[in-house]
Amino acid sequence: MEEIIMLKVLFGSWVGIASLGTILLTIAVVSYWVGFCINNARKERASLEHGHD
């Protein structure tokens, strides 16, 4: 009986860690993608101002 409780606790904490990791990964990917887009926009604007592609 105790083993089942331990298994539930382990599984519950694993699910919590997994969901937390997924959330953190999503935030990291989104922030990286936003930064990438901003950098690209800056590069395009800079190249337009200098008059060369």
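Begin by selecting the charged side chains: the chain has 4 positive and 5 negative ones, and the centres of the two sets are 7 Å apart. Here Lys and Arg count as positive, Asp and Glu as negative, while His and the chain ends are not counted. Each charge is placed at NZ of Lys, CZ of Arg, CG of Asp or CD of Glu.

The model on display is predicted: local features need pLDDT of at least 70 and side-chain atom pairs count only at pLDDT 80 or more, whereas totals for chains, interfaces and linings use all residues. Residues are numbered from 1 along each chain as its sequence is written, and side-chain values use heavy atoms, with hydrogens and water left out.

Next, show the whole chain as a cartoon. One helix and zero strands are present; helices (H or I, at least four residues) and strands (E, at least two) are DSSP runs, numbered from the N terminus. Along the principal axes, the C-alpha atoms fill a box of roughly 75 × 10 × 5 Å. The radius of gyration is 23 Å, whereas a compact globule of 53 residues would have one near 10 Å. This radius is taken over C-alpha atoms, and the globule rule is 2.2 Å times the number of residues to the power 0.38.

The chain exposes about 5300 Å², of which carbon and sulfur atoms supply 72%; accessible areas come from the Shrake-Rupley method with a 1.4 Å probe, and for residues only the protein chains shown count as cover. Of the 53 residues, 0% count as buried (buried means under 20% relative accessible area, exposed over 50%, partly exposed in between; 1.4 Å probe, protein chains only).

Select Ile 23, which is found in helix α1 (residues 2–50). Together with Leu 20, Leu 24 and Ile 27, Ile 23 forms a nonpolar surface patch with about 410 Å² of accessible area. Patches are made of residues with over 30% relative accessible area and no salt bridge; nonpolar side chains (Val, Leu, Ile, Met, Phe, Trp, Tyr) are joined within 5 Å, like charges within 9 Å. A salt bridge is a side-chain nitrogen of Lys or Arg within 4 Å of a carboxyl oxygen of Asp or Glu.

Finish with Ala 28 in helix α1, partly exposed with a relative accessible area of 41%. Ala 28 and Glu 2 are 26 residues apart in sequence and 39 Å apart in space, C-alpha to C-alpha.
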